Every structure is written in structure tokens, then in C-alpha cells.
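Student: I've just opened this one and I'd like to know how the labels get decided. Can we go through some of them together?

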Amino acid sequence: MLMTRFAPVRFLDRTTPPHIFTLIVLAGTPAMAMNMFLPSLPKMTAHFDTDYGIMQLSVALFLAANAAMQLVIGPLSDRFGRRPVLIWGMVLFILATAGCLFAPNVELFLAFRVLQAAVVVGLVLSRAVVRDMFSQDKAAAMIGYVTMGMAVVPMLTPMLGGVLDEAFGWKANFWVFFAAGIATLWLILADLGETNTARAQSLGAQMRDYPELLSSPRFWGYALAAAFSSGAFFSYLGGAPFIGSAVFGLNPTLLGLLFGAPSVGYAIGNYLTARYSVRLGINRMIIAGSLVCAGGMMVSLLLFVVGLGNAWTFFGFMTFVGFGNGMILPNSIAGTLSVRPHLAGTASGLGGSLMIGGGAALSALAGALLTVETGPYPLLWIQIIVSLLGVAAIWMVIARERRLGIA
């Protein structure tokens, strides 16, 4: 059912624009599926009688599958609409979660974990829905509000995951995923009408439109800024559970509590995005966020170099990673979606694929480099380097606009 584009919002009425609560849930469910179970990785390693490096692939493979699926999700939603793609993606997530729960070995578990990545439809298409309805700067502000609400999810779910793990075992987290998938599917059916009123003619035509995006310096600048920024966070996802448990000796509950530290900064960064993106413009917000992230990690590294680093400083300074991401991601995503507005779904999928694909690689790299002997140093260096590369990416956009005389 097509909705009236500018009709007043009525919750659970899919003839009007989707309620912001629905958009937050769509974006928050993938975040929950990504990190809620991380405090359980050590117990899952023992349960499946495997190595931590193998079990850590449940993060890297999930991210890699996210990246691959986003290349398809965007064009499909531009061709067939946001709503049907959301529905089928959530159904696949529910079925894959059941597979994870009953997998008899680590190989099958990882296979179903890859299929769980279908939940990324919520993240990709919540952004495309916003861009369907708003202009660039206003879209950045709205995405900021959505992700500010979404930030509560990664803030609380690792802590909840740790508590559930200690009380009921690691499978409790996946039962929560199963229930959340069903609830999100119901919300899509009840509240989200179709927002894509300008359908692409064919998937082939959309594939031919990819060069429009890939040849755009603006698209690459914004997409790389998002990729490097998220890379700092995804490397944290891959490395922090090991650092917390093996290096600092934290129990699952305390690890889950501290693990949510970046989300505190993320909520603040998203609040600033929602308040100031329209006034200051997306480029200034992105470069400020990149500098905040790099600066925070440099201070954290320095504390370890001089012998003052510990679990509290390590996780505490990760709030700067979240802070920077909260300023960078909504603005850079709005930038990628605005390069070719008629390809908003495709741009969201392609930009998201670059972002998540890079994150998967950095997550795996962090997991491979970290040992008890290295401590947190490899992870901190990765985060500093990618944050500085993010500054370079957005500066490419700013320099080009100055050269062309674009305000």
C-alpha cells in the first residue's frame, strides 16, 4: 500500500509515513544482532570445542555477509519497493536465528550466522525511507534522530547479553534475537507503508546506473568517510571481547557493561548531528567527528605507553569512537544518498556495503593481531589510522567543492 507522502504520521497506520519508533526499531534490530552475544564468545568457543579465532568469525562473516547483501538490498528496494524487501529480509533473519539455536557444530552455526545478516535490510532501508521523504541536510538530521534512539540498543544489549549468558547460557541471546525478529516483522506489516513512489524500471537498468555513483568523487568521499569511521568501531567489535576477557580478565557481565561505552558517545554525537547538521552542513560535522575519534584514540594509546592504561581507560576512551561515529555516519550517509537522489536505495546499499565490508576486514584483522602479549596496542593503532584516513576522505570532498566554487 502506498502512503501519502506528507500525511500526518499516525502510528500503526501504514497509509501515513512510518513513525520514528518504527525506524528506530528497524535500525536497532541489526545493531542488537551484531553485538548482543559478544560477551558470550568465550563460552561459545568452549561449547563448540573450537578456537577463539574460529568463533570470532561469527562477527567477521556476519559483517561480510552484511556487505554483500547490501549490494542487492538497495537495488531490489528501488525496483520493488522498501516494504516487500524489508518483510522478506526479516523472515530470513528469523529462520536463520532458529538455525543458529539448533546448530550441532560450529560450521553450521557460522553458516546460519551468515544468513542472519539478512537483518541488515532494516538498517539500509530505514535510511532510504528517510531519504525518500526529506532533502539532504534534513535527512541527515532525521537519520541523526533515528540513530540517536538506536544508540540505546548497542549501549544496553551487550550488558543484557552478558547477564543472560551468566544466568541461562549463550543460547538465551539468540532466543531474544528470534523474538525481536518476530516483533520487528509485525511492526513492518502494521506501520510501514511504501515510501518509494518512483520505482526503477528494472534491476538491469539499476546495475547500469552503478557507474553514476562509482564515478562520482562526492560519493566516494562520503562513502569512504563512513567506511573509515565505522571501521574504527567494527575493529572494536572484533577485538574488544578478547581484550576484555583475556587481557583484563573481565567476567561476561562486567565486559558487557563496559562494552557499551561507545554507545554513550554515539548517542551524544547523534544528538549534535540532529541539532546542528542543518545549520553547519554535513561536511563540517564529518570532519569534526573524524578528528574527535582520532584524538580520543591517541590519548588512550598514550596512557598505555606511559603505563597508566587499564580496562577502565581502554573502554572509557572508546566513547570517543562512538562520539565520532555519531557525528560522521548520519552526515556521510545523507551525503551518499544525495549524490543521486533517484538512486537512494542503491546508494544506501552500495555505500553500506563498502562500510560494512571494510568493517568486516578490520574486525578480522583486529582478531588476528591481538594476543595477550600485544595487549590493546594493535587495536588502538588500527583505530587511529582509519580515523585519520576518514579525515582525508572528507577533505577530498571539501577541497573539490572549494575548487568548483560550491558553497
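Student: What makes Asn283 count as buried?

Tutor: Asn283 has a relative accessible area of 12%. Buried means under 20%, exposed means over 50%, and partly exposed is in between, with a 1.4 Å probe and protein chains only. Since 12% is under 20%, Asn283 is buried. Keep in mind that this is a predicted model, where local features need pLDDT of at least 70, side-chain atom pairs count only at pLDDT 80 or more, and totals for chains, interfaces and linings use all residues. Residues are numbered from 1 along each chain as its sequence is written, and side-chain values use heavy atoms, with hydrogens and water left out.

Student: Where is Asn283, and which residues is it in contact with?

Tutor: Asn283 sits in helix H15; a helix here is a DSSP run of H or I with at least four residues, numbered from the N terminus. Leaving aside neighbours within four places in sequence, Asn283 is in contact (heavy atoms within 4.5 Å) with Tyr222, Ile394, Val397, Ile398 and Glu401. Asn283 and Ile398 are 115 residues apart in sequence, yet their C-alpha atoms are 6.9 Å apart in space.

Student: How do you know whether Ser290 is buried or exposed?

Tutor: Same test! Ser290 has a relative accessible area of 3%, and that is under 20%, so Ser290 is buried. Ser290 is in helix H15 and touches Ile328, Ser387, Gly390 and Val391, not counting residues up to four places away in sequence.

Student: And why is Asp49 called exposed?

Tutor: Asp49 comes out at 72% relative accessible area, which is over 50%, so Asp49 is exposed. You'll find Asp49 in the loop between helix H2 (41-47) and helix H3 (52-55). Asp49 also has a positive phi of about 50°, although it is not a glycine.

Student: Why is H14 called oblique to H15?

Tutor: Helix H14 (residues 261-280) and helix H15 (residues 282-305) pack at an angle of about 130°, with their axes 7 Å apart. Axes are lines fitted to C-alpha atoms, for helices over the stretch in contact, and angles run from 0 to 180 degrees between N-to-C directions. Under 35 degrees is roughly parallel, over 145 roughly antiparallel, 65 to 115 roughly perpendicular, and the rest oblique. About 130° falls in the rest, so H14 is oblique to H15.

Student: Which residues of H14 and H15 make that contact?

Tutor: From H14 they are Leu272, Thr273, Tyr276, Ser277 and Leu280, and from H15 they are Ile282, Arg284 and Met285.

Student: What about H14 and H17?

Tutor: The axes of H14 and helix H17 (residues 319-339) come within 6 Å and cross at roughly 35°. Among the contacting residues are Gly265 and Gly269 of H14, and Gly322 and Gly326 of H17.

Student: What makes a set of residues a nonpolar core?

Tutor: A nonpolar core is a set of buried Ala, Val, Leu, Ile, Met, Phe, Trp, Tyr and Cys residues joined through side-chain atoms within 4.5 Å. The largest has 97 residues, of which Phe109, Phe174, Phe314 and Phe315 touch the most other members. Helix H12 (residues 217-247) gives the most to this core, with 10 residues. Apart from it lies another core, of 11 residues, among them Ala225, Ile282, Ile286 and Ile328.

Student: How many helices and strands are there in the protein?

Tutor: The protein has 19 helices and zero strands, and buried residues make up 59% of its 407 residues.

Key. Helices (H or I, at least four residues) and strands (E, at least two) are DSSP runs, numbered from the N terminus.
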